[in-house]
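Trainee: I have not seen this structure before. Please take me through it.

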Amino acid sequence: MTTTELNQRDWVSLEQKYYQGTFKRHPITLVRGEGTRVWDSEGKSYLDFVAGIAVNVLGHCHPAVVEAVQQQVTQLVHVSNLYYNVRQIELAELLGIQSDGMRSFFSNSGAEANEGAFKLARKYGRLHRNGAYEIISMENSFHGRTMATTAATGQPAYQATWAPLPDGFKQVPFNDLEAVKKATSDKTAAILVEAVQGEGGIWPASQEFMQGLRDWCDEQNLVLICDEVQAGSGRTGKFFSWQHYVRPDIVTLAKGLAGGVPIGAMLTDPRTDIFVPGDHGTTFGGNPIACAAGIATIKTITEQNLLDNATQMGEYWKEKLEQLCAKYPFIDSPRGIGLMRAVNVKHGLGPVIVQKAMEHGLLLNSTNPQTLRMIPPLILTTADIDEATQILDATLAEVANLPAAQA
Ligand SMILES: Cc1ncc(COP(=O)(O)O)c(C=O)c1O
């Protein structure tokens with residue numbers, strides 16, 4: 001569609017009329033993307049440090065993903081899981097290599113991947129821990145929007161309206177091993193953790209905590225589940241964020257796994273690999289198009305050394321963020337791993353900074369008014385970072401003049 005054609009319709013009012021009010025949208029309509037950039041319906045371009053909330057790991061419309069989808073769509077769009085599916089097996093093989101031996105189950109989203117993990121953990125508890133079913137997760141975590149993943153999410157704001165939530169979930173403070181031990185009972189089947197909390201504001205777990213969880217799970221015969229939906233697929237500079245820490249029993253992935261095409265995955269080590277036919281299933285999960293995109297994404301990450309790039313660009317971006325934090329007193333605590341970064345924002349100025357940065361051509365996101373999150377594509381270059389730094393600097397200079405910033 002041309003800009004003129006696009007502007008013949010008022011997308012904002014049409015959305016209000018026809019789409020449910022679930023999203024608080026920014027007032028732009030994105031129509032095209034290429035690499036680290038997107039364009040809106042007015043033709044304005046933005047450097048994209050949101051990347052579909054950690055989805056577009058290869059940037060927008062990466063040629064490898066485009067070609068894989070184009071080829072697949074002419075061969076086989078969908079086939080039931082009643083039959084073998086070449087692309088599904090190939091993607092599972094690549095994940096088996098990345099994870100050093102885990103087997104996969106594919107779904108369509110992160111929440112669904114976690115649902116599969118919860119079922120697997122409950123089956124393990126039933127078979128190997130006297131019927132234990134409870135899952136201990138962390139405060140400030142996020143695991144999805146289905147009823148069970150909402151019950152697992154450690155943020156009361158996401159839970160309040162939907163009570164009663166499914167039974168068998170409890171939360172303890174993140175990075176507090178003693179709290180986990182205290183909360184463990186003969187009902188406990190599993191511990192669920194994000195090695196780097198994403199929606200919670202980019203908080204990495206400590207080494208001691210993750211090692212402590214692994215040891216505790218081994219000692220108590222519990223299942224350790226790592227939710228890699230946001231931190232996985234290379235974002236932290238390793239394919240899985242647990243590779244910075246310890247090996248879990250079950251891993252969930254989604255977001256970046258197929259470079260922008262919807263997919264979820266639940267991987268398990270042999271000890272917990274106990275589903276049998278009939279236990280679990282899906283119509284669309286492992287769809288040939290999603291898997292072809294996933295194969296292209298993993299191959300590109302490997303062949304183009306994008307894990308190393310994420311590490312190097314992450315360090316460069318961290319330096320820039322540290323400099324900006326030193327210059328502007330209302331932002332501090334730069335943190336994160338690889339290309340999963342955030343800073344704290346005082347006086348609840350997060351949304352104002354996001355809005356002004358957008359006006360200057362940089363897309364950022366605030367997980368809450370006190371946190372500015374940056375999760376750009378793994379193909380990021382130093383030139384992109386220099387440009388983002390310049391825009392953010394100009395944005396922060398403007399915000400510094402607001403009365404709220406001087407409070
Ligand atoms: C860590 C984590 N787990 C699960 C989810 C849910 O994924 P989805 O929105 O694909 O269901 C998210 C989404 O933000 C997430 O960040």
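What follows is a set of questions and answers on the chain and a few of its residues.

Mentor: This is a predicted model, in which local features need pLDDT of at least 70, side-chain atom pairs count only at pLDDT 80 or more, and totals for chains, interfaces and linings use all residues. Residues are numbered from 1 along each chain as its sequence is written, and side-chain values use heavy atoms, with hydrogens and water left out.

Trainee: How many helices and strands are in the protein chain?

Mentor: Helices (H or I, at least four residues) and strands (E, at least two) are DSSP runs, numbered from the N terminus. By that count the protein chain holds 14 helices and 17 strands.

Trainee: What is the radius of gyration of the protein chain?

Mentor: The radius is taken over C-alpha atoms, and the globule rule is 2.2 Å times the number of residues to the power 0.38. For 407 residues the rule gives 22 Å, and the chain comes close to that, so it is as compact as a globular protein of that length. Its radius of gyration is 21 Å.

Trainee: Is Thr300 buried or exposed?

Mentor: Thr300 lies in helix H11, residues 288-303. Buried means under 20% relative accessible area, exposed over 50%, and partly exposed in between (1.4 Å probe, protein chains only). With a relative accessible area of 6%, Thr300 is buried.

Trainee: Which backbone oxygen does the side chain of Thr300 reach?

Mentor: A contact means heavy atoms within 4.5 Å. Not counting residues up to four places away in sequence, Thr300 touches Leu58, His62, Ala64 and Leu306. At 2.6 Å, its side chain reaches the backbone oxygen of Ala296.

Trainee: Where does Trp242 lie?

Mentor: Trp242 counts as buried at 6% relative accessibility. Leaving aside neighbours within four places in sequence, its contacts include Ser99, Met102 and Cys226. Its place is the loop between strand S10 (223-227) and strand S11 (250-253).

Trainee: Which peptide bond is cis, with omega near 0 degrees?

Mentor: Look at the loop between helix H8 (156-159) and strand S6 (169-172), where Pro164 lies. The cis bond runs from Ala163 to Pro164.

Trainee: What is the phi of Asp100?

Mentor: Asp100 sits in the loop between helix H5 (86-98) and strand S4 (103-107). At 63% relative accessibility, Asp100 counts as exposed. Although Asp100 is a residue other than glycine, its phi is positive, near 60 degrees.

Methods. A polar contact is a pair of N or O atoms within 3.5 Å; within protein, one must be able to donate a hydrogen and the other to accept it, and residues adjacent in sequence count only if both atoms are side-chain atoms.
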